[in-house]
Structure formats: C-alpha cells, structure tokens
Amino acid sequence: MMKRILNAGIRLFLLTAVFVASPLFAQKNKPAKIKAAVLQVEMIQSDEIKLPAEFQVALYENLIRQLEKQGFSHVYRDGDRNAASVADLVVFHSTVRGFKAGSERARQVTTVSGATSITVHCQFTSPDGTSLLEQDVNGKVRFFGGNLKATYDFAKKAAHVANENFSTPGRVQ
C-alpha cells in the first residue's frame, strides 16, 4: 500500500515537472524577431469586397493608432516620402478578404445574432517587395458595441502580430 502511494506521488511529481517545464522549452523554440526600424502602413485595399467607406477609414486609423501603442515610434502613412530614406523599413500591406455587416440592434436583443466580422490579409514586406510575413487577421464584435468596433478589434490583433514578429531598436519589448 505504501509503495503504491509512493509510486503515485513520484508519477504526479514527474507529470507536474513536465507541465511546468514545457513553457520554458517553448520559449527557446520561438523564432528570432525580424529587425524593423520603422513601419510604413499602406492604405487598406478592399477591391474584391464592398466595404463601407467608414469601415475602410476606421480600419486604417485604428491600425496606425494600435501600432504606435505597441511601441513602434515611427509609423509612416501611405505615401509619406520620409519613409523612403529609412534603413530597415517594413511596409505593411493589407487587403480585406471578408466582411459581414452585423446589426447593433440584433446584438442588443440577443447574443446569438448580429455579429460583425472582418477578415484582412496582412502582408509585411521589405521596400523592394520581398515578403517577410503574411497572415490573415480577423476583427469581430459579437455582443456589445457599434459595428465599427470590429475595426478596433482587427487593429489590436494586427498590431500584436507586428509586435510579436518585429523588433525595433530602442523599443521596450
């Protein structure tokens, strides 16, 4: 009986050690961040998807605001000539791939319908067009808030992707 309790205690200890140690090993396998002195955000494209003008503007403005909040001190807008002379420039292109306009009224009445969602394909390139990273990012508003809150959700997630994959000299990581 005592031997079984001792064996169970040892197994429990080993199992706990594996769960505690696994996040430490995962940190080591994380790929190195790509060096990016500044970001230049191109205007968000929505050629295939009919996107209301207020959504397109809100996507762009929220994205720039969230990138600045993530610590990218120099975020240039589309067409800014000052970005051309900067070393380690990364250009952020984005294309709307999906949009479902929800209903604020339906969200107030029930939590199962009325969701607004937007899917944007984000591509980070070097100035010569070489792709550095591509990823689809979704923005949603399901329960409370206006439809434009989906653009804020997208911007937060896209800025997080940029922060996770790019390092800027002097930026707090």
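The legends below describe close-up views of a predicted model.

**View 1. Overall make-up of the predicted chain.** The chain contains four helices and seven strands, which follow one another along the sequence in the pattern α-β-β-α-β-β-α-β-β-α-β. Of its 173 residues, 34% are buried. Among the contacts in the chain with a separation of 6 or more, 66% are accounted for by residues 24 or more positions apart.

**View 2. The largest nonpolar core.** This core has 32 residues, and of these Leu67 and Phe154 touch the most other members. At least two core residues come from each of strand 2 (38-41), helix 2 (53-69), strand 4 (89-100), strand 5 (116-125), strand 6 (131-141) and helix 4 (149-165), and it is helix 4 that gives the most, with seven residues. In soluble globular proteins, nonpolar side chains tend to be buried together.

**View 3. The surroundings of Leu67.** When neighbours within four places in sequence are left aside, Leu67 is in contact with Leu39, Val41, Phe72, Val75, Phe92, Ala159 and Ala162. Leu67 also belongs to the contact that helix 2 makes with helix 4, where Ala159 and Ala162 are among the residues on the side of helix 4. Together with Phe154, Leu67 touches the most other members of the largest nonpolar core.

**View 4. The packing of helix 2 against helix 4.** Two packed helices are described by the angle between their axes and the distance between the axes. The axes of helix 2 and helix 4 come within 8 Å and cross at roughly 40°, and because of that angle helix 2 is oblique to helix 4. The crossing in which helix 2 passes helix 4 is right-handed.

**View 5. Ala158 in helix 4.** Ala158 has its place in helix 4 and, at 1% relative accessibility, counts as buried, because the limit for that class is under 20%. Residues up to four places away in sequence not being counted, Ala158 touches Leu63, Phe92, Cys122 and Val137. Ala158 and Leu67 are 91 residues apart in sequence, yet their C-alpha atoms are 8.2 Å apart in space.

**View 6. Leu133 in strand 6.** Leu133 is found in strand 6 and has a relative accessible area of 18%, so that Leu133 is buried under the cut-off of 20%. Beyond its neighbours within four places in sequence, Leu133 is in contact with Cys122, Gln123, Phe124, Val161, Asn165 and Phe166. One of these residues, Val161, is 28 residues from Leu133 in sequence, and the C-alpha atoms of the two are 9.7 Å apart in space.

**View 7. Ile34 in strand 1.** Ile34 lies in strand 1 (residues 34-35) and is partly exposed, with a relative accessible area of 28%. Not counting residues up to four places away in sequence, Ile34 touches Leu132, Asn165, Phe166 and Ser167. Ile34 and Asn165 stand 131 residues apart along the chain, while their C-alpha atoms are separated by 6.1 Å.

View 8. Gly71 is placed in the loop between helix 2 and strand 3, where its relative accessibility of 27% makes it partly exposed. The C-alpha atoms of Gly71 and Ser167 are separated by 9.8 Å, although these residues are 96 residues apart along the chain. Asp88 belongs to the loop between strand 3 (75-77) and strand 4, and has a positive phi of about 60° although it is not a glycine. With a relative accessible area of 35%, Asp88 is partly exposed.

Notes:
Residues are numbered from 1 along each chain as its sequence is written. This is a predicted model: local features need pLDDT of at least 70, side-chain atom pairs count only at pLDDT 80 or more; totals for chains, interfaces and linings use all residues. Side-chain values use heavy atoms; hydrogens and water are left out. A nonpolar core is a set of buried Ala, Val, Leu, Ile, Met, Phe, Trp, Tyr and Cys residues joined through side-chain atoms within 4.5 Å. Buried means under 20% relative accessible area, exposed over 50%, partly exposed in between (1.4 Å probe, protein chains only). Contact means heavy atoms within 4.5 Å. Axes are lines fitted to C-alpha atoms, for helices over the stretch in contact, and angles run from 0 to 180 degrees between N-to-C directions. Angles under 35 degrees count as roughly parallel, over 145 as roughly antiparallel, 65 to 115 as roughly perpendicular and the rest as oblique. A crossing is left-handed if the near helix is turned anticlockwise from the far one by less than a right angle, and right-handed if clockwise.
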